[in-house]
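This report looks at how side chains pack against one another in the protein shown below. Please keep the sequence and the model at hand while reading.

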Amino acid sequence: MARRGDTIELAVLGLLHEGPMHGYELRKRLNLMLGWGRVLSYGSLYPALKKMLRANLITEVAATTSPTSRRPRITYEVTESGNEHFHRLMSEVGPTAWEDDNFDIRFAFFSSTDMEIRLRVLEGRRSRLQERLARVQGELERTQAEVNRYAAELQRHGVESVEREVRWLSDLIRAERGNEAAPAPSPAAPPAARAAGPGIPATNE
């Protein structure tokens, strides 16, 4: 199972890979990625940043002071070692890549991976959810007569949520395979023709 610190590290490297950011902006972007149910506090973010600074994955730059504050504003940037580490993490394929928290972060940065890796992660996530779905459905059938209607309704809601994500993943996998099978557009093709193929959303948040 991926540790929370490892998930934060991957997310920070991915965001800084897009450009330098200060702590407030990093926390805001991370909370958008993690979702409303997993709010990240400064108490969790700054120890992770300090650890990444010690490992030379990121560096900090003190900007000039503003008229409203005498304290320099710290901006974080990813180092060359950090970029290499980020691409290495994104290329790894295994159970941790499709766990609940880690999958969301990996998916948000799918543009940094090739299609084969994306397909393996999507298929791994779908297989994991199908196993979970079979288990939950079996439990629902066994316990429906033993629990009150509210508990049964909560179980049904869980089943429906997993079924929706499995369908979503199947659509993404078909789109990826469609892109793989489609011939590359000619450089002379008009933009409208190049945009006609199936696409993958950049994030699931």
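Which residues form one aromatic cluster? F103, F107, F110 and W168 do, where rings of Phe, Tyr and Trp (its six-membered ring) pair if their centres lie within 6.5 Å, with planes under 30 degrees apart counted as stacked, over 60 as edge-to-face and the rest as tilted.

## Basis of the model

The model is predicted, so that local features need pLDDT of at least 70 and side-chain atom pairs count only at pLDDT 80 or more, while totals for chains, interfaces and linings use all residues. Residues are numbered from 1 along each chain as its sequence is written, and side-chain values use heavy atoms, with hydrogens and water left out.

## The aromatic cluster

The structure holds 4 aromatic pairs. One of them joins F107 and F110 in a tilted arrangement, 5.1 Å centre to centre with 50° between the planes; another, also tilted, joins F107 and W168 at 5.2 Å and 55°. The latter pair links distant parts of the chain, since F107 lies in helix α5 and W168 in helix α7 (residues 149-181), 61 residues apart; helices (H or I, at least four residues) and strands (E, at least two) are DSSP runs, numbered from the N terminus.

F107 counts as buried because its relative accessibility is 1%, and F110 is likewise buried at 5%, whereas W168, at 25%, counts as partly exposed. Here buried means under 20% relative accessible area, exposed over 50% and partly exposed in between (1.4 Å probe, protein chains only). Helix α5 (residues 100-108) is mostly covered, with 7 of its 9 residues buried, among them F103 and F107.

## Two nonpolar cores

A nonpolar core is a set of buried Ala, Val, Leu, Ile, Met, Phe, Trp, Tyr and Cys residues joined through side-chain atoms within 4.5 Å. The largest has 27 residues, and V12, L13, L16 and L26 have the most contacts inside it. Helix α1 (4-18) is among the elements that give two or more residues to this core, and α1 gives the most, with 7 residues. A second, separate core of 18 residues includes A97, F110, V121 and V162.

## Helix α6

Both R118 and L129 lie in helix α6, which spans residues 115-143. R118 counts as buried because its relative accessibility is 17%, and its side chain makes a polar contact of 2.8 Å with that of E176 (a pair of N or O atoms within 3.5 Å; within protein, one must be able to donate a hydrogen and the other to accept it, and residues adjacent in sequence count only if both atoms are side-chain atoms).

L129 is buried, with a relative accessible area of 1%. Leaving aside neighbours within four places in sequence, L129 is in contact (heavy atoms within 4.5 Å) with V162, E165, V166 and L169.
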